[in-house]
Amino acid sequence: MDARFPPSNTESPWLPFESRRRARDEKREAVLRAAVQLFLEQGYHRATLNDVAKRLNITKPALYNYFRGKDEILFECWSIGHELVDECIAETSAGAGSGLDKLRKLTIRYAELMTTDYGKSLVRFDLRDLSEHNRKTVQTAKRRIDRAFRDYIAAGIADGSVKPCDPKLAAFAIAGSLNWIGHWFQPGGELTGRAVAEEFAIRLTDGIAKTTTRKAAVPAAEKADKPPRKRNVGNASREDGSEHHTRAAAGAASQSKRARGRLR
């Protein structure tokens, strides 16, 4: 065999197109992950592309192979977060269940997303830092999220799983509480993101849910609030009974407070 020609099975130094594209996508995603972490840690304006490059152990000019500037990176972080929410909404809408079931499912998924970096980017960054075109895109996506919460509440009212209420105000109350998770949640705490999400789903939907789980305790609490009945007894026993009634009323008041505490 002529030594001047390599064997036919020698691998080409050039990666196949699909491999090159995959490698580029992975590097692009690495830039986004590093950038969103820095934006959340330091704030968008304080974090620089030099900081992003340093965290990735590359040069700043290398970043321009993937993004034109910091504002484009910011928008991509928003976009990923919104795509994740859209997936949650699509899966919830495609599933079975009452309006309340779907509302709770979306509440859990959305709350859990708010504990991730891309979820936090939806509520921690300022829309004014985006270009006008990108800002309109994000605003449209936000309206879709709001509409999903309203639609599930309205569906719940129609099917009887949700109490009559104003879907717009109820959606604002729920989404506003969920968005705030993105400001205070830190990983590694006592509760996982999933645990926080499930707790919020219960607390935020119980007030509008048509359920009997809490009503069972109400009659006992109301009974405890009522003063004891006066019994038709003789004069001699009334004085003795009044002291008993005083103690009973005090105990009932204490019991009522504990019952109301359990209802909260």
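# Report on a predicted helical protein model

## Terms and overall architecture

A residue is called buried when its relative accessible area is under 20%, exposed when that area is over 50%, and partly exposed in between.

The protein chain contains 11 helices and 0 strands. Read from the N terminus, the order of its elements is therefore α-α-α-α-α-α-α-α-α-α-α. Of the 264 residues in the protein chain, 33% count as buried. The chain exposes about 17100 Å² of surface, and carbon and sulfur atoms supply 53% of that area. Among contacts between residues at least 6 apart in sequence, 69% join residues that are at least 24 apart.

## The largest pocket

The volume of the largest pocket is about 210 Å³. In general terms, rolling a probe the size of a water molecule over the atoms shows where empty space is left. Which residues line this pocket? The lining is formed by His82, Tyr110, Leu122, Val123, Lys142, Arg143, Ile145, Asp146, Phe172, Ala175, Gly176 and Asn179. Sorted by class, the lining has 6 nonpolar, 3 polar and 3 charged residues.

Three helices each supply at least two residues of the lining: helix H6 (117–124), helix H7 (132–159) and helix H8 (167–184). Helix H6 is also mostly covered, since 6 of its 8 residues fall under the 20% limit and are buried. The buried residues of H6 are Tyr118, Gly119, Lys120, Ser121, Leu122 and Val123. Leu122 and Val123 are also among the residues that line the largest pocket.

Gly99 belongs to helix H5, which covers residues 99–113. Is Gly99 buried or exposed? Its relative accessibility is 3%, and for this reason Gly99 counts as buried. In sequence, Gly99 and Tyr152 are 53 residues apart, yet their C-alpha atoms are 4.8 Å apart in space. When neighbours within four places in sequence are left aside, Gly99 is in contact with Tyr152, Ala155, Gly156, Asp159 and Ser161.

Gly97 is located in the loop between helix H4 (70–94) and H5. The C-alpha atoms of Gly97 and Gly156 are separated by 9.8 Å, although these residues are 59 residues apart along the chain. Gly156 is also one of the contacts of Gly99.

## Ile157 in helix H7

Ile157 is a residue of helix H7. Because its relative accessibility is 28%, Ile157 counts as partly exposed. Its C-alpha atom is separated by 9.7 Å from that of Ser98, a residue 59 residues apart from Ile157 along the chain.

Which residues does Ile157 touch, not counting those up to four places away in sequence? They are Val162, Lys163, Pro164, Cys165 and Pro167.

Arg33 lies in helix H1, which comprises residues 17–42. With a relative accessibility of 42%, Arg33 counts as partly exposed. Arg33 and Asp117 are 84 residues apart in sequence, and the distance between their C-alpha atoms is 8.2 Å.

Asn57 is found in the loop between helix H2 (49–56) and helix H3 (60–63). Its relative accessible area is 71%, so Asn57 is exposed. Most residues other than glycine have a negative phi. Asn57, by contrast, has a positive phi near 60 degrees and is a residue other than glycine.

## Cysteine residues

How many disulfides does the model contain? The count is 0 disulfides, where a pair of cysteine sulfur atoms would have to lie within 2.5 Å to be included.

Cys165 has a relative accessible area of 28%, so Cys165 is partly exposed. Cys165 is also among the residues that Ile157 touches.

Methods
Residues are numbered from 1 along each chain as its sequence is written. This is a predicted model: local features need pLDDT of at least 70, side-chain atom pairs count only at pLDDT 80 or more; totals for chains, interfaces and linings use all residues. Side-chain values use heavy atoms; hydrogens and water are left out. On a 1 Å grid over the protein atoms alone, a cavity is a set of points where a 1.4 Å probe fits but cannot get out, and a pocket is an open set with protein on both sides within 12 Å along at least five of seven lines; lining residues have an atom within 4 Å of a point. Grid points are joined across faces, edges and corners, and a volume is the space filled by probe spheres set on the points. Helices (H or I, at least four residues) and strands (E, at least two) are DSSP runs, numbered from the N terminus. Ala, Val, Leu, Ile, Met, Phe, Trp, Tyr, Cys and Pro count as nonpolar, Asp, Glu, Lys and Arg as charged, and the others, Gly among them, as polar. Buried means under 20% relative accessible area, exposed over 50%, partly exposed in between (1.4 Å probe, protein chains only). Contact means heavy atoms within 4.5 Å. Accessible areas come from the Shrake-Rupley method with a 1.4 Å probe; for residues, only the protein chains shown count as cover.
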